[in-house]
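Let's walk through this model together, starting with how its strands line up and ending with a helix. Keep the viewer open as you read.

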Amino acid sequence: MKVSIADLRKIPTLQDLKDEALQWLIDRSECRILQEDEYMFKKGDPINYMHILLKGRLRIKLQQGKQLREISAMETGTITGTLPYSRMQEATGFGIATEETHVLSLHKKHFIEMEQVSRDMVQALVGVMTTRARDFTRIQQQNEKMMALGKLSAGLAHELNNPAAAIVRSSDILRQHMHQTPDNFKKVILIRLEPEQVDAVNDILFSKISTPPPTLSMMERNNQEDEIAEWLEDQGWDEGYEAAENFVEFGITLDDLEEMDEIIEGKHTKPVFNWLNNVLITERLVKEIEEASQRISTLIQSVKTYTHMDRSTEKSEADIHQGLNSTLTMLNHKLKQKNIQINKEYADDVPEIPVYVSEINQVWTNLIDNAVDAMDDKGTLTVRTQANNQDIRVDIIDTGSGIPPDIQGSIFDPFFTTKAVGQGSGLGLDIVQKIIEQHQGTIKVKSEPGETQFTICFPIHSP
């Protein structure tokens, strides 16, 4: 493959350079043709060359876990690889040709000579490096957000699935139960009781439904169920234990049943008590559906609070505790997976402060998610708030392995990460620090094995 000055002038970055400079570049470069699906570079390869794509296209992929994810593409005219003044040492991803691709490559050993031959070329290539760094940071930040969103959405889907499944299950049982109602109603309607008797039985029943049952030990519960089951079977029930469990769950004792039996004068005991049991079953199923629906409603409200939906994009007065609670709710699945104990030590006198709510919630997400990752099962996460006349202070403390002293000064640097490949881009704490600085706040870390504490302070009144 022969490359001409005219070929290089088609490259936007090089089109205004002098012929002598372009010829120098051709004379010292190597030409290479990549076939479709051939790698130009792989993760970990040393980067010793500047590459100019004269023809063709490259896919750029990063490794996430065990998979490769395409993040961008390089078209004809792109200049990539190492550049003058670049500190890049090795490839962080993979470059794969999508078609026959022609590449002109210059070894970095010629960069010193390049400064003497054409300062214009050096300046043009430095501009490429600046643009590339900005674009790469933007892509990585977006990737970081998508990874965080993936974690949150997976946890949220699991949290929503449980109450949704409970609603489906309980509603199905309720439907089957209601199909038995006509037969039971027929038996009850044939009973002739005085209105005073019906009212007295109803008073006992609904007083139990509206009152939380007493807390019983397993042994106390079993004893009560045995007593009631035996009494019901004496009254002609075939399966007294099933009804006994239901009565005990609502706090109905053997004394209550005997009192109701006395009110109806021992007549029609089985149909009356069967009707009462059916009322309790319906009440229990409706209660399960109500609790599951309330759980879904709470989760949806937490999502709205977390994302700050339907609100202005400007700063607004916000309750820090509300944001922390919403974030903990969003990460609840991950916390439960590792049996993490949560200690909330919230001060009562913390005022609302003007913040960008969704961005502050991103701070809590990064810090809490990192804390959970740092802990083994059954760790403890403490979230503490304090306030004085000038500042609000938030401490997020975990009982994980700690941050080694030699890297504590680097954890807020862009792209610094201790996580495994594909599990983090190293932008989490860099983003956290930028958001906090945007709010004129500060963040500090103190760490030793068994306790890592991030302390965030925000001014109560923005400057």
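Two strands count as paired if DSSP finds at least two bridges between them. Helices (H or I, at least four residues) and strands (E, at least two) are DSSP runs, numbered from the N terminus. This is a predicted model, in which local features need pLDDT of at least 70, side-chain atom pairs count only at pLDDT 80 or more, and totals for chains, interfaces and linings use all residues. Residues are numbered from 1 along each chain as its sequence is written, and side-chain values use heavy atoms, with hydrogens and water left out.

Start at strand 12 (residues 380-387), which pairs with strand 10 (residues 341-345) in the parallel sense over 5 bridges. Within that pairing, glutamine 341 has threonine 380 of strand 12 as its bridge partner. Strand 12 also pairs with strand 13 (residues 391-398), this time in the antiparallel sense and over 7 bridges. Here valine 383 sits opposite isoleucine 396 of strand 13. Strands 12 and 13 make a hairpin, with 3 residues between them.

How far does the predictor trust all this? pLDDT is its confidence in each residue, from 0 to 100. The chain averages 81, and 84% of the residues score at least 70. Strand 13 has the highest confidence, at 95, while helix 5 (residues 181-189) has the lowest, at a mean of 60. Over residues 420-427, pLDDT stays under 50.

Now for the packing. A nonpolar core is a set of buried Ala, Val, Leu, Ile, Met, Phe, Trp, Tyr and Cys residues joined through side-chain atoms within 4.5 Å; buried means under 20% relative accessible area, exposed over 50%, and partly exposed in between (1.4 Å probe, protein chains only). The largest such core has 39 residues, and among those with the most contacts inside it are Trp364, Ile368 and Leu381. Helix 13 (357-374) gives this core its largest share, 8 residues. Counting contacts as heavy atoms within 4.5 Å, isoleucine 368 touches Thr327, Leu328, Leu331, Leu381 and Ile396, leaving aside residues up to four places away in sequence.

Finally, look at helix 7 (residues 218-234). Its buried residues are Glu225, Ile228, Ala229, Trp231 and Leu232. They lie on the same side of helix 7 because they cover an arc of only 165 degrees around the axis, taken from the directions from the helix axis to the C-beta atoms. On the other side of helix 7, Met219 and Asp234 are exposed. Just after helix 7, glycine 236 adopts a positive phi of about 105 degrees.

Notes. pLDDT is the predictor's confidence in each residue, from 0 to 100.
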